[in-house]
Amino acid sequence: MRKPVTLITGASGEVGYGLIERFAQSGNTDLVALDLKPVPDDLRAMCGSAIAGDILDQNLLQRLISEYEIHAIYHLAALLSTRAEFTPDTAHRVNVEGTLNLINLAHEQSRWHGNPVRFIFPSSIAVYGLPDLPTKRRAGRVRESEWNLPTTMYGCNKCYCEQLGRYYTEYYRQLSAEPQSSGVDFRSVRFPGLISAITLPSGGTSDYAAEMIHCAARGEPYACFVGEDARIPFMVMPDAIKALELLAAAPAEKLSQRVYNVTAFSLSAHELRDRVSKAFPKADITFAPDRKRANIIDTWPADVDDSLATNDWGWQPDYDVDRAFTEYLIPTISKRYEQ
Ligand code: AKB
């Protein structure tokens, strides 16, 4: 018979790497890791199965339905904001049609085994669109219902998929003779900029933070593509994984909504540079704004209000900005490049 498993898409990505490591640390290896690229050996060793495949491949999705009994899906596969701007049609297919494919897979799975399938979806601060810097400054800590006016294809994708998940969870086939639950228990967090000490980001507009730190640790010069005053919220990867775990484990009755803000600290690019230069005194960091990419960052909030996540499912970051740098980023990244 089929074993109950958790499916992780985008398994080889930054969040996927951290999530699989956390699952393995807690002894859970009933994982199916799916990624477009072959799953690296170190991740493969922590999973029951690892599959290289495309979430747009219907034959693959049918194979997953037939071979596995999936009770939870962490759908991490996505084209991030900068990359999505260069290939918007591909971004729509992967980020939206791919997500709908996985939601339908969750629905099919729930019909087979009779239990809800928890569908954990990383959304993003990219769903927000502040029209100009004075408004961004006045907006302060933006709430989930405010400024949902994305200015990127990625942000539009994430905003629509949040609504798709809410529809399948709360309004699926509402006009049918016998309304029935889809069996999809969709839950989403809007991640801020994520900084990992272990992996390097690719294709994101918030990547400048991680790029700056990793370049300084490697002794390489870094020309930051946003201006010194660019400010957005961030969190380090361990807190991102913690948020996914807490949201997935929350009793359904505790959830007042399906989409939540989470954050840990907000930094301007020059505050970031100052912290990096203090840790790496020889760091050669300059600012060479790419106005088009910097304009995207300017539409994202300086900070978000994550009090609903705290109230509903006990969210609290473990790493404020000081601890993030002194206990996680600097020591871990330094060790990585000393070897
Ligand atoms: C990106 O920059 O596209 C992502 C995000 C903020 O969602 N890191």
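How many bridges join strand S7 to S11? In this predicted model, local features need pLDDT of at least 70 and side-chain atom pairs count only at pLDDT 80 or more, whereas totals for chains, interfaces and linings use all residues. Residues are numbered from 1 along each chain as its sequence is written, and side-chain values use heavy atoms, with hydrogens and water left out.

Strand S7 (residues 184-191) is joined to S11 by three bridges, and the two run parallel; strands are DSSP runs (E, at least two residues) and helices likewise (H or I, at least four), numbered from the N terminus. Ser188 stands opposite Val259 in S11. Pairing (at least two DSSP bridges between two strands) gives an open, parallel sheet of seven strands in the order S3-S2-S1-S4-S5-S7-S11. Because strand S3 (49-52) and strand S11 (259-261) each have a single partner strand, one side of each lacks a neighbour in the sheet. From one strand to the next, the twist averages 20 degrees.

Helix H1 lies across strand S1 (4-9), S2 and strand S4 (69-75), at about 155 degrees to S1. Angles run from 0 to 180 degrees between N-to-C directions of axes fitted to C-alpha atoms, for helices over the stretch in contact. Helix H7 packs on the sheet and touches S5, S7 and S11, contact meaning heavy atoms within 4.5 Å; its direction makes about 150 degrees with that of S7.
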